[in-house]
Amino acid sequence: MSGRVGDLSEKQLELLTEFRSRTQDLLPELPEQHDHFLLRWLRARNFNVSKAELMIRKHVDFRRQMKVDSIVSDWTPPEVIRRYLSGGMCGYDRDGSPVWYDVVGPLDPRGLLMSASKQDCIRTKILHMELLQRECRRQSCQLGKNVESVTLIYDCEGLGLKHIWKPVVETYGEILTMFEDNYPEALKTVFIVKAPKMFPMAYNLIKHFLCEETRRKIQVLGGNWQEVLRQHIPPSQLPVVYGGTLTDPDGDPRCRTMIKCGGTVPKSYYVQNSAQVQYEHSVTVSRGSALQLEYDVGVAHSRLRYLTSLPPSLPRPPRSHPSRPPRWQFASDGADIGFGVFRRSSDRQETQVLPSERYNAHLVPEDGGVTCEEPGVYVVRFDNSYSFLQSKRVSYTVLVLPPAQEPSPEAE
């Protein structure tokens, strides 16, 4: 049995009922509540209800932390990403599934990571995935059948050493892990076209981020790749350069209004080339260790918000204040640094506020904040415990700002 609606064994039906019962409290926070959606999580965990429940509960936490429900309406990627990240959605396959193109050759991954934070790159991919999921739902309504997955065409022409730079591979690995953990069964097929000789080496660097089921969906096509694509995608839905008849209204065979061509990022976008930020503190976080900074926040729902830059007009108040939450800027020398924010209770138990992640602050300085939902002691942690060989020099400023000093949306 396939584990899909209409093709379930009696045991699978029982497990679906149990899964729905155990996740009843989560349903209002999920983008969809029907059986098709719940079965995706069960299939991803081989109908192990406990593992599927753990997975979907982590997904709800992910949606809250990343503000996924409002990302389409409330968030816009930085200009450099909008202009130079290649790829896009174009057409539908023969089953009505959206087709997404990733065009590798024109992509300048180093330029992007020198100009935008890794977190913004990941957030952009979440935005793309949410748009594709909305398109699947729209197709489901229009076609009168369930459409839940995407066909991906990965154009590898021009794949080179610039695409396997270590920070690029690490970022791509985090993106793949995010997809696997939060969008199960959302991928229908991956068609690899125009793969050069170095493709196997590049694939070996990232394949461990993919589950076995995802790996089985990858097809590396040979010289007849256009013919194979036409078997899965109607020519009218396939751009001319990929073997179809679709063009832009102006006749462009690459359909560049839908599939962005990317390109080399001008160095004027590089953050390191902009005015240098003056940090209040600079410390060395030894290998295998962490630096913790504590701040008292006395007012619930105080705002700590991420901004693209720190407005120079903001004053620099003292390190702590009973009604002022901290915000921060930091940069590291030579390599990435872990960073997270936690709330410490009176019994010294810590609750995660901002998940600890590794930031490429040696490429793009970080500037951000979160919301303190409850009063208490908030711990800002720079984490180098994962590095056994290298100490990290971290320059940082942690400001404590009253909510009234938060910049308005217009100022951002």
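Visitor: So which residue of strand 14 stands opposite Phe342?
Guide: That's Val379. Keep in mind that this is a predicted model.

Visitor: Fine. How do strand 10 and strand 14 pair, and over how many bridges?
Guide: Strand 10 covers residues 337-344 and strand 14 covers residues 376-383. They pair in the antiparallel sense, over seven bridges.

Visitor: And what about strand 10 and strand 11, how many bridges there?
Guide: Seven bridges join them, and the two run antiparallel. One of the pairs puts Val341 across from Leu354 in strand 11.

Visitor: What's in the hairpin between those two strands?
Guide: Five residues sit between strand 10 and strand 11, and Arg348 in that hairpin takes a positive phi near 75°.

Visitor: What does Arg358 touch?
Guide: Leaving out residues up to four places away in sequence, Arg358 touches Lys118, Gln119, Glu170, Glu174, Asp336, Ile337, Gly338 and Tyr386. With Asp336 there's a side-chain polar contact of 3.0 Å. Glu170 is 188 residues away along the chain, and the C-alpha atoms of Arg358 and Glu170 are 9.9 Å apart.

Visitor: Switching topic: which residues touch the most other members of the largest nonpolar core?
Guide: Tyr154, Leu159, Ile192, Phe199 and Ile206, out of 21 residues in that core. At least two core residues come from each of helix 7 (118-143), strand 3 (150-155), helix 8 (166-182), strand 4 (187-193) and helix 9 (199-206). Helix 9 gives the most, with four residues.

Visitor: Pick Ile192. What's around it?
Guide: Not counting residues up to four places away in sequence, Ile192 touches Tyr154, Cys156, Phe199, Ile218, Gln219, Val220 and Leu221. There's also a second, separate core of 20 residues, and Leu293, Tyr359, Ala361 and Val398 are among its members.

Visitor: Now helix 2. Is it mostly covered or mostly open?
Guide: Mostly covered: helix 2 spans residues 35-44, and seven of its 10 residues are buried. The buried ones are Phe37, Leu38, Leu39, Arg40, Trp41, Leu42 and Arg43.

Visitor: Covered by what?
Guide: The cover includes helix 1 (10-22), helix 3 (49-65), helix 7 and helix 8. Just after helix 2, Asn46 has a positive phi of about 50°.

Visitor: One more residue, Ser115. Buried or exposed?
Guide: Buried, because its relative accessible area is 10%, under the 20% cut-off. Ser115 belongs to helix 6 (residues 109-115).

Visitor: Which backbone oxygen lies 2.7 Å from a polar atom of the Ser115 side chain?
Guide: The one on Gly111. Beyond four places in sequence, Ser115 touches Val80, Val265, Tyr269, Tyr270, Val271 and Val364.

Visitor: Give me the overall tally. How many helices and strands?
Guide: 11 helices and 15 strands. The chain has 412 residues, and 50% of them count as buried.

Visitor: And which parts have pLDDT under 50?
Guide: Residues 303-325 stay under 50, and the model has 81 contacts for them beyond four places in sequence. Residues 406-412 stay under 50 too, with nine such contacts.

Visitor: What's the average for the chain?
Guide: The average pLDDT is 86, and 87% of the residues score at least 70.

How values were computed:
Residues are numbered from 1 along each chain as its sequence is written. This is a predicted model: local features need pLDDT of at least 70, side-chain atom pairs count only at pLDDT 80 or more; totals for chains, interfaces and linings use all residues. Side-chain values use heavy atoms; hydrogens and water are left out. Buried means under 20% relative accessible area, exposed over 50%, partly exposed in between (1.4 Å probe, protein chains only). A polar contact is a pair of N or O atoms within 3.5 Å; within protein, one must be able to donate a hydrogen and the other to accept it, and residues adjacent in sequence count only if both atoms are side-chain atoms. Contact means heavy atoms within 4.5 Å. Two strands pair if DSSP finds at least two bridges between them. pLDDT is the predictor's confidence in each residue, from 0 to 100. A nonpolar core is a set of buried Ala, Val, Leu, Ile, Met, Phe, Trp, Tyr and Cys residues joined through side-chain atoms within 4.5 Å.
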